[in-house]
Each structure stands twice: as structure tokens, then as C-alpha cells.
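Here are my notes on the model, as numbered points. Please read them with the structure open.

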Amino acid sequence: MNPNWTQSWRDVCQRIRAAEQACGRPSGAVRLLAVSKTFPAQAVSELAESVGQRDFGENYVQEGVDKILALASTPIGPQLVWHCIGPLQSNKTRLVAEHFHWVHSVDRIRIAQRLSDQRPVHLSPLQVCLQVNIDGGATKSGVAPESALELALAVSAMPRLQLRGLMTIPDPLEDLAAQLQVHRSASALFLKLERELSLPHWDTLSMGMSADLEAAIQAGTNMVRVGAAIFGQRPRGGDPFPVQSLQ
Ligand SMILES: *Cc1c(COP(=O)(O)O)cnc(C)c1O
């Protein structure tokens, strides 16, 4: 048992509750997705068993599937909810469709169509967020904000997908006001699409990470994806940003 993960998880929950309170949002308005990429399956099972965390996020499809399978036959396995949050290539869609519950990183029709076609009939529909390139980084994945409605219309018609909302990964910004500005534009797009689409299950804005979750909560996120602040610095890579944007 690694006591630090449990304590850091509690600290993160505390940060979330404090941020909710600071802007007058109800306690529990924001769901915590624990990003376990690069950490072993044991980290997931320990956190799940000790504090009841259920949602886990993975970036690399094969790594995620290995953990899902490793935990599937353990007592906690059936209670876990697995989210694929990393970039998707065509040759990986089948694994995602067969093993994950959620995908946050759908950014083009072709990938969505493959996921829908490949989702096994015995499973419930795959829960989908569209990744939006909200700050326009040239090297980043994500649909352009002005094309999000068109993509959402197409995805919402796919039989084996259930469209839940949007996901963003803005470039890291130090300044809280700057973070807020980007997150607010994502929030505005989320609400605009909610009005224009009126979909029954449109309820998820996946936005905010270890370094900017307070700003994201203030801007209206309802799902934060937190890795480093829970599990510690990653032993190898796994950064959501293109390397050049950090320089
Ligand atoms: C790694 C990752 C996170 C978590 O980032 P931290 O800074 O470790 O909290 C969130 N979202 C995506 C898409 C990621 O790749």
C-alpha cells in the first residue's frame, strides 16, 4: 500500500471541494477522473479499494487495455470505469471500442464511425466526448471550435455511441486569469452546443488537470482529469502536450 496516493487523492478532492465552494457551485458538482497513465495496475486497485475512486483515465490504448485486463478478474475490476483520453489512431479503435467505457478524444468522423461500428453488441454504447482544440495550437489534436457542431451532429447519429460532451487540453498557462479565459471559451461552446443540439445525454465538460483545475471549476467544468497531483510525477513521458509547446 502506498499511503501517498491515498493522501494525495484526498488533497485533490479537498482542492475540488474548495474550488466548488469558492464559486458557489454545489459540492460534488465536479467528477474526478484519476489519470493513471504510466502507473501500474496496482496503483489503480489500491486507490479504488482504499478510497473508492472509480473513474480512471489512460492515454495509451495498449497500456490501458493491459491494466483493464489485469484487473478484470479481481473483485474491484467490475466496478471500475475506464476512460480513454489519449490521441486515437485508426488501428487502435477496435481495442478502445472493446475495452473502454468512455472516450474523450474523438476529434473526427472517421474515428467515431469506426468506434461505433466496432463497439460490441453485448456492451452498452460507448460514452463519447469530442476533443476540441480550444486554444488553436497548430500541432494539437482536437476539432476546431467552429467545426464542433458538425462533428457533434454526425456523432450523435451513430448507433453505438452516446455523445456526452466536450473535452479540452489547453496549453499550460501559469496565470490564473489566462487559464480562466481559455476555460470560459470552452464552457461557452459547451453551453452553445447544448442549446443547439438538445441531446438527452449532453452533460459532460471534461476540462481541467493538476495545474489548472481551480480555473476549470470556476469556468464550469464538471469532470477534471488529474494525474500528477494524485500519483506523483510520471516516471516516463505521458505528457498531454506537444513537447515544443512547453519550451
Ligand atoms: C496526462 C493527462 C492528464 C493529467 O495531467 P496531469 O497534469 O498529470 O494532471 C489529463 N488529461 C490528459 C488528456 C492527459 O494526457
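1. Which residues of α2 are buried? They are A41, A43, V44, S45, E46, L47, A48 and V51. Buried here means under 20% relative accessible area, with exposed over 50% and partly exposed in between (1.4 Å probe, protein chains only). Helix α2 spans residues 41–51 and is mostly covered, with eight of its eleven residues buried. Helices (H or I, at least four residues) and strands (E, at least two) are DSSP runs, numbered from the N terminus. G52 follows α2 and has a positive phi, near 85°.

2. A word on the basis. This is a predicted model, in which local features need pLDDT of at least 70 and side-chain atom pairs count only at pLDDT 80 or more, while totals for chains, interfaces and linings use all residues. Residues are numbered from 1 along each chain as its sequence is written, and side-chain values use heavy atoms, with hydrogens and water left out.

3. Confidence comes next. pLDDT is the predictor's confidence in each residue, from 0 to 100. The chain averages 94, and 94% of the residues score at least 70. Residues 242–247 are another matter: their pLDDT stays under 50. The model has six contacts for them beyond four places in sequence, a contact being heavy atoms within 4.5 Å. Where pLDDT is low, the predicted coordinates should not be read in detail.

4. Now the aromatic rings. Rings of Phe, Tyr and Trp (its six-membered ring) pair if their centres lie within 6.5 Å; planes under 30 degrees apart count as stacked, over 60 as edge-to-face and the rest as tilted. By this rule there are four aromatic pairs. W5 and F231 make an edge-to-face pair, 6.0 Å centre to centre with 70° between the planes. W5 lies in helix α1 (residues 3–22) and F231 in helix α9 (residues 228–231), so the pair ties together parts 226 residues apart in sequence. W5 counts as buried at 13% relative accessibility. F231 is buried too, at 5%.

5. What kind of aromatic pair do F56 and W82 form? The pair is tilted, with 6.0 Å centre to centre and 40° between the planes. F56 sits in strand β2 (residues 55–58) and W82 in strand β3 (residues 81–84); the pair links these distant parts of the chain, 26 residues apart. F56 is buried at 0% relative accessible area, and W82 is buried at 2%. Separately, W5, F39 and F231 form one aromatic cluster.

6. The ligand site deserves a look. There are 14 residues around the ligand, and K37, S210, G227, A228 and R234 come nearest. A residue counts as near if one of its heavy atoms lies within 4 Å. A polar side-chain atom of S210 lies 2.5 Å from an oxygen atom of the ligand. For N59, a polar side-chain atom is 2.9 Å from a ligand oxygen atom. R225 places a polar side-chain atom 2.9 Å from a nitrogen atom of the ligand. The protein covers 95% of the 390 Å² of accessible area that the ligand has on its own; accessible areas come from the Shrake-Rupley method with a 1.4 Å probe, and for residues only the protein chains shown count as cover.

7. Take Q127 next. Q127 lies in strand β5 (residues 126–132) and is buried, with a relative accessible area of 10%. Leaving aside neighbours within four places in sequence, Q127 contacts H101, W102, V103, Q162 and R164.

8. Is T93 buried or exposed? T93 is buried, with a relative accessible area of 0%. Its place is in helix α4 (residues 93–99). Beyond neighbours within four places in sequence, T93 is in contact with I111, R114, L115 and Q118.

9. Last, a loop residue. D171 lies between β6 (161–168) and α7 (176–197). D171 is partly exposed, at 24% relative accessible area. The side chain of D171 makes a polar contact of 3.5 Å with the side chain of K140.

Terms used. Polar contact = N/O pair within 3.5 Å; in protein donor to acceptor, adjacent residues only side chain to side chain.
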